[in-house]
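Notebook open, model loaded. I jot down what I look up as I go.

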Amino acid sequence: MARLNLVLLLAVLASALYLVRTQYESRRLYVELEKATAEARKIEMDNERLQVEKRAQATPLKVEKLAKEKLQMRTVTPAITQYVTYKDEPAAAAPAPGGAKP
(Lines give C-alpha, C1' and ligand atoms only; values in the text may rest on other atoms or scores of the structure.)
Protein backbone atom coordinates (compact mmCIF):
# COMPACT_ATOMS: atom_id res chain seq x y z
CA MET A 1 0.00 0.00 0.00
CA ALA A 2 2.90 2.39 0.71
CA ARG A 3 4.23 1.89 -2.83
CA LEU A 4 0.84 2.72 -4.32
CA ASN A 5 0.63 5.86 -2.17
CA LEU A 6 4.17 6.85 -3.25
CA VAL A 7 3.34 6.29 -6.94
CA LEU A 8 0.12 8.28 -6.62
CA LEU A 9 1.98 11.07 -4.80
CA LEU A 10 4.57 11.20 -7.59
CA ALA A 11 1.79 11.22 -10.21
CA VAL A 12 0.03 14.09 -8.42
CA LEU A 13 3.29 16.05 -8.14
CA ALA A 14 4.13 15.43 -11.79
CA SER A 15 0.68 16.53 -12.93
CA ALA A 16 0.87 19.61 -10.67
CA LEU A 17 4.27 20.58 -12.12
CA TYR A 18 2.98 19.98 -15.63
CA LEU A 19 -0.06 22.16 -14.89
CA VAL A 20 2.14 24.97 -13.54
CA ARG A 21 4.43 24.74 -16.57
CA THR A 22 1.47 24.76 -18.95
CA GLN A 23 -0.07 27.80 -17.26
CA TYR A 24 3.26 29.62 -17.38
CA GLU A 25 3.69 28.81 -21.07
CA SER A 26 0.11 29.91 -21.74
CA ARG A 27 0.67 33.26 -20.02
CA ARG A 28 3.96 33.78 -21.85
CA LEU A 29 2.31 33.09 -25.20
CA TYR A 30 -0.57 35.42 -24.34
CA VAL A 31 1.87 38.23 -23.54
CA GLU A 32 3.68 37.63 -26.83
CA LEU A 33 0.36 37.70 -28.66
CA GLU A 34 -0.54 41.03 -27.06
CA LYS A 35 2.87 42.47 -27.99
CA ALA A 36 2.46 41.28 -31.58
CA THR A 37 -1.05 42.75 -31.75
CA ALA A 38 0.19 46.09 -30.42
CA GLU A 39 3.06 46.06 -32.93
CA ALA A 40 0.62 45.27 -35.75
CA ARG A 41 -1.58 48.21 -34.71
CA LYS A 42 1.47 50.47 -34.62
CA ILE A 43 2.59 49.33 -38.08
CA GLU A 44 -0.92 49.82 -39.44
CA MET A 45 -1.03 53.37 -38.06
CA ASP A 46 2.41 54.09 -39.55
CA ASN A 47 1.22 52.73 -42.88
CA GLU A 48 -1.84 54.99 -42.84
CA ARG A 49 0.32 58.00 -41.90
CA LEU A 50 2.74 57.22 -44.72
CA GLN A 51 -0.11 56.85 -47.21
CA VAL A 52 -1.38 60.30 -46.21
CA GLU A 53 2.12 61.75 -46.57
CA LYS A 54 2.48 60.06 -49.96
CA ARG A 55 -0.76 61.60 -51.19
CA ALA A 56 0.33 65.01 -49.87
CA GLN A 57 3.70 64.77 -51.63
CA ALA A 58 2.11 63.80 -54.95
CA THR A 59 0.01 66.94 -55.37
CA PRO A 60 0.82 68.89 -58.53
CA LEU A 61 1.69 72.02 -56.55
CA LYS A 62 4.18 70.14 -54.39
CA VAL A 63 5.75 68.42 -57.43
CA GLU A 64 6.12 71.76 -59.21
CA LYS A 65 7.67 73.36 -56.13
CA LEU A 66 10.20 70.53 -55.77
CA ALA A 67 11.01 70.67 -59.49
CA LYS A 68 11.75 74.39 -59.22
CA GLU A 69 13.77 74.17 -56.00
CA LYS A 70 15.73 70.96 -56.32
CA LEU A 71 15.99 70.48 -60.08
CA GLN A 72 16.13 74.18 -61.00
CA MET A 73 13.39 73.63 -63.57
CA ARG A 74 11.28 76.49 -64.85
CA THR A 75 7.83 76.85 -66.37
CA VAL A 76 7.64 76.39 -70.12
CA THR A 77 7.06 79.54 -72.16
CA PRO A 78 7.19 80.09 -75.91
CA ALA A 79 10.27 82.26 -75.42
CA ILE A 80 12.36 79.32 -74.17
CA THR A 81 10.79 76.63 -76.35
CA GLN A 82 13.12 75.21 -78.97
CA TYR A 83 11.64 73.46 -81.96
CA VAL A 84 13.64 70.75 -83.67
CA THR A 85 13.49 70.53 -87.44
CA TYR A 86 15.10 68.17 -89.90
CA LYS A 87 17.50 69.55 -92.51
CA ASP A 88 15.59 67.78 -95.27
CA GLU A 89 12.30 69.59 -94.49
CA PRO A 90 11.04 72.14 -97.00
CA ALA A 91 11.34 75.79 -96.02
CA ALA A 92 7.53 76.14 -95.80
CA ALA A 93 7.41 73.83 -92.76
CA ALA A 94 10.02 75.87 -90.82
CA PRO A 95 8.83 77.54 -87.60
CA ALA A 96 7.61 81.09 -87.64
CA PRO A 97 10.01 83.80 -86.49
CA GLY A 98 9.93 84.56 -82.78
CA GLY A 99 9.97 80.94 -81.71
CA ALA A 100 6.18 80.37 -81.83
CA LYS A 101 4.36 78.08 -84.24
CA PRO A 102 1.25 79.40 -86.01
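With that, I get 2 helices and 0 strands for the chain.

Ground rules next. I am working on a predicted model, where local features need pLDDT of at least 70 and side-chain atom pairs count only at pLDDT 80 or more, while totals for chains, interfaces and linings use all residues. Residues are numbered from 1 along each chain as its sequence is written, and side-chain values use heavy atoms, with hydrogens and water left out.

**Entry: burial and surface**

I call a residue buried under 20% relative accessible area, exposed over 50%, and partly exposed in between (1.4 Å probe, protein chains only). How much of the chain is buried? Buried residues come to 1% of the 102 residues.

For areas I use the Shrake-Rupley method with a 1.4 Å probe; for residues, only the protein chains shown count as cover. The chain exposes about 9900 Å², and carbon and sulfur atoms supply 64% of that.

**Entry: a leucine patch**

My patch rule takes residues with over 30% relative accessible area and no salt bridge, joining like charges within 9 Å and nonpolar side chains (Val, Leu, Ile, Met, Phe, Trp, Tyr) within 5 Å. Leu6, Leu9, Leu10 and Leu13 make a nonpolar surface patch of about 390 Å². I placed leucine 6 in helix α1, residues 2-57.

**Entry: salt bridges**

Opposite charges can pair when the charged atoms of the side chains come close. I count a salt bridge when a side-chain nitrogen of Lys or Arg is within 4 Å of a carboxyl oxygen of Asp or Glu. That rule gives me 4 salt bridges.

Which residues form a network? I find Glu25, Arg28 and Glu32 linked by salt bridges. Glutamate 25 pairs with arginine 28, with the closest N and O atoms 2.4 Å apart. These two are 3 residues apart in helix α1, so about one helical turn separates them. Arginine 28 also meets glutamate 32, at 2.3 Å from N to O; that pair lies in helix α1 too, 4 residues apart, about one turn.

I checked accessibility for the trio. Glutamate 25 is partly exposed at 32%, arginine 28 is partly exposed at 32%, and glutamate 32 is partly exposed at 41%.

Another bridge I looked up joins arginine 49 and glutamate 53, at 2.8 Å from N to O. They sit 4 residues apart in helix α1, so they too are about one helical turn apart. Arginine 49 is partly exposed at 43%, and glutamate 53 is partly exposed at 39%.

Where does glutamine 72 sit? I find glutamine 72 in the segment after α2 (60-70). Its phi is positive, about 50°, although glutamine 72 is not a glycine. I also note that glutamine 72 counts as exposed, at 62% relative accessibility.
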